[in-house]
Amino acid sequence: MDSALEAFVPHSNSAQDILEACNLLWGKLEEMNKEQYQQMVHHQGQAANCIVGNVVYERLADHGPRMGPVTRNDPIVTRYFTFPFEEKTLEDELQMMDQPEKACHFLAHNGWVMGDDPLRNFAEPGSNVYIRRELICWGDSVKLRYGNKPEDCPYLWAHMQKYTEITAKHFAGVRLDNCHSTPLHAAEHMLAAARAVRPNLYVIAELFTGSELIDNVFVNRLGITSLIREAMSAGDSHEEGRLVYRYGGEPVGAFYQPSLRPLVPSIAHAMFLDVTHDNECPIQLRSAYDLLPSSAIVSMACCCSGSTRGYDEMVPHQISVVKEERFYPKWNPNAKALSTGEVNLKTGIIAGKLALNKLHQELASKGFNQVYVDQVDEDIVAVTRHCPSTHQSVVAVCRTAFHDPKYHQYKREVPPMFIPGKIEEVVLEARVIDRHAGTYEKCKKYINGMPEYTVEVKEHIQLKDSGVVKHAGVTSKGSSEFVEEIVFELLTPGSVIAFRVSLDPRAQELVGVIRHYLIQFSPKYKPGSRRSQDTPTILEKPLAEIMSKLTLADMNMLLFRCDSEEQEEGGGCYNIPSWTSFKYGGLQGLMSVMADIRSKNDLGHPVCDNLRQGDWMIDYVSNRLVGHSGALGDVGKWFEVLFHYLKHIPRYLIPCYFDAILVGAYTTALDATFKLMSSFVQNSSTFVKLLALGSVQMCGVGSSPALPPLSLALPDVPYRLNKDTGTMEQCCVSMAAGLPHFSSGIFRCWGRDTFIALRGLMLVTGRHLEARNIILAFASTLRHGLIPNLLGKGICARYNCRDAVWWWMQCIQDYCTMVTEGTTILQCPVVRMYPHDDSEPHSPGTPFSFTQPLCEVIHEAMTCHMQGINFRERNAGPNIDMHMKDEGFNVEANVNYDTGFVFGGNRFNCGTWMDKMGESEKAGNKGMPATPRDGSAVEIVGLSKSAVRWLVDLHKKGLFPHSCMKIHKDGKEVAVSYEEWNHKIQANFEKNFYVSNIENDPNEKHADMVHKRGIYKDSHDASSPWCDYQLRPNFCIAMVVAPELFTVKKAWEALIIAEEKLLGPLGMKTLDPDDMVYCGVYDNALDNDNYNLAKGFNYHQGPEWVWPLGYFLRAKLYFAKKLGKETYEQTVYLVKSILSQHYVHLERSSWKGLPELTNENGQYCPFSCESQAWSISTVMEVLHDM
């Protein structure tokens, strides 16, 4: 009433206004009453429907219990409540409900609600289940009110916990009947108490949720061991066979799973029953003849099996667990057929069930865990259980009888069966027969079955003694698979026959030999193994011993090589015409695909089909390697010989044994690979090892050398025989920039990419000699004080980038620091391919070539920059770049004498890693760099500072002969010291690069361009001043290589902003999302009129590149340590959290690499390299720093 008075207030105290307010209230009450009335009518209608449906089932339906007349004991409506009082009138009962001491004894029955949410308590307030008569009531139990916690009902929780603990003490397992009717939190509590008493408690549960997803909620939260499943839920034999396949075992020919493998989705383990106590009798729904074959189908399932008492005795009605008061019959071996109170082996199908249970137990104990179900025809189901170690099978052929054969016309012709292998015996044959012992009459004292049927059983007989089949002979299915054809003579409806089958002797021997050679990889292959009578020489040694002689360059060939690399060798990656090609020609190509197939046992995959159909893939693996000399050829021969055995086993077994051989060889190769790497890799996590494989993936030797030749005087340079010329040639390892786009030919090696990636992929992994050779090979190509970006073997090199030389020098510094006696590289001889800037390339030993130590090459590069670099690219024009404008071929790099900053470039070229050149005529961006970054790019300033500081230190230690550079200025020779250069950069960096939080900062040349404060500029003195102030991740590089340039507090603030604005799931946004030209989706195929997007113009204007993330995280770690232990620990946690996503990507990637870039928010970019050298490298460096 108070609410009404507040809501319906008269405008005044006049009678008219008061009447109007009262009428409004009256109308609202009428509206509310109408809603309640309609709801009540709906409830009444539903209640009436439920009552009618229940009456029809209980008293009229053929498949119901046919309860007969309505009596006091069997009322027409099931009682929903029970109470300990004498029956009273409704009026008296309503009065008792108002008396608390009596109302507490009115108890609601428990039950089941069809189609209801099983996670909801249907007896709680708000539920209308009882008033709508939707509850299928259990008259022997009541709904307990647990509340939400023990404190809500202490007695009930304590009482039920004690009951549960007593049960667990005396029983090894429990069945949670109608598990869904107990609140989950209460069930969790009780089962926890039970497991405290018996930790290995076996929990079977019955669920009627109607959803496997909800089933899994119960299974996972309660730790259910097995869920009740029922064959009677199948409407036909086909569905019954499907249930066998679904609820148990692996497919025949399944893959051998490694002990450590990814979790894959699976359904809950089943306890498969022929019938449960809740459902109608199979004799009523099907026929008495079907009990045996359906029970046999259940027994052949590779899971728990069970039954309900009365099924085997052929009781022709459902036994009510609530109302049945008769006794079960006793066991008496001499019981007579018409005895209602005794049973024996001749009663019903008991003898057949005994034989089936023995077979079920044998199959489980002996490891027959593979299942194949064959629907022979609409009534016949053949179930195969197979042992993967002995390759023995048991095949049960079951002819169901869903319809009574006396009244249903079954086919007289039974199709023959073809069983692969050799039939050793008939394990059992049984069929339901009439025994003319009278007809069924329901006994009032005992729960009796039908006396008119029994089972005829024979066990462990030879095929010739079978009364069900005749042997039609042996046929051949190919050269390696023999099949026995079976013609049935007396497989009547209700019959079962089970065969024990082995491989034919020759196939058994070959499988045994294969298993023998697989024991070196795992002892699980020992069962069923046997030695070869004539062991080939190559198999006498363990594969690990053969692979121990491989180099990491050999491992590149064995494990990896993408399609373009394979094509250089005259081949290609293996292709399945109906499917696709593998990512790699090496083992990783197969392993990446097989990992998914193996975990799912996807034997229908095109790869498995290809293996069963022919030997092409098998031959590809061995043929690819046997032509090589040395240990790599020996590995190929090992495969070739072992595959000879594989080719002659039954084709259905080839996928699993092919995979087993590959897995063994692959894991052995990985072990051998990591033994060749640094202790850091060997002793680190799986994540580090996966990243280290990137070194093997990217670094290899192709059919022709990718690097320029090194000095003939340099020791430890690898050589090989050139098959075409018959002469020896150098075969140094080179690094691919990315797969698959930058892996072969002149586009394989890039100066910038190589030296950004070299530290993580080669120095951290311990590949020091190969790193030395790459450093010296690029040193030989120095021209104009620069090393090339596109190497092109040094002959087709392009000197169009300003940063590669600084990355090269950073790697030399890292080499000197990380390698024992690493500074000796400074004296290593370098053969100059270009004696002068305008020279043609020269090879070592030619008259015009000359040699100098590496330290002099470094000094020349530094001097050239101080003097000033200004030249036009050789062969400038469309032959080397079809998109660049003429001005873009002019290359410039200098040092600002006032600041010490390296600067250069122009608005028509892009000399840093952000090097996208416009290509779209339609959009008008052709020949215009998206990110010219001319002026002083922040990372180049950082890299040059690192190099100058290092050279100053080297000179002080007597390891570098020069203290200054001699240049010509204004017609005079001037000496500029390295120490002075170092000091200038240090003094001017933050003054010119830091965007302070102070408005109108006097140091800010373009205050109007500032749109973010507390950051570091991307460049200084760019031709377009706006570009200086764009937030990009490049300053993080300078933080890592030259941290002395940064004030700790300012650096940390800038890193926080970068984290907030630029950090993505796998990489760093290349441009601030707040920038007006930001676009995070790269589409190189798009050609429209959008200047900022057409032909991938936004390559570095938003998409998230992976490699800068490594420098961001390293910078975070460095400065966090400066800020104290707490900040550092928080940062380590952040770094691990971020890198966990890279670990997941590596695990799942079929390329086993990290991508070049992703689109915004980590979305897949189809135009990215799938695996990029510098992406893997910089993540590896983060882990190394930690």
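Strands β37 and β38 (residues 1104-1105) run antiparallel and are joined by two bridges. One of the bridge pairs links M1068 to W1105 of β38. Strands here are DSSP runs of E with at least two residues, numbered from the N terminus, and two strands pair if DSSP finds at least two bridges between them.

The sheet is open and has three strands in the order β37-β38-β39, with antiparallel pairing. Its edge strands, β37 (1068-1069) and β39 (1157-1158), each pair on one side only. Strands of a sheet pair through backbone hydrogen bonds.

## Basis of the model

This is a predicted model, in which local features need pLDDT of at least 70, side-chain atom pairs count only at pLDDT 80 or more, and totals for chains, interfaces and linings use all residues. Residues are numbered from 1 along each chain as its sequence is written, and side-chain values use heavy atoms, with hydrogens and water left out.

## Cavities

The whole structure contains six cavities of 30 Å³ or more. A cavity is a set of points, on a 1 Å grid over the protein atoms alone, where a 1.4 Å probe fits but cannot get out; lining residues have an atom within 4 Å of a point. A volume is the space filled by probe spheres set on the points, which are joined across faces, edges and corners.

The largest cavity holds about 140 Å³ of space. Its lining has 15 residues, and V275, T308, H317, Q318 and I319 lie nearest the centre. The second largest cavity holds about 60 Å³, and its lining residues include N800, R802 and E892.

Note on methods
Helix = DSSP H or I, 4+ residues; strand = E, 2+ residues; numbered from the N terminus. 1 Å grid on protein atoms, 1.4 Å probe; cavity = no way out; pocket = protein on both sides within 12 Å on 5 of 7 lines; lining within 4 Å.
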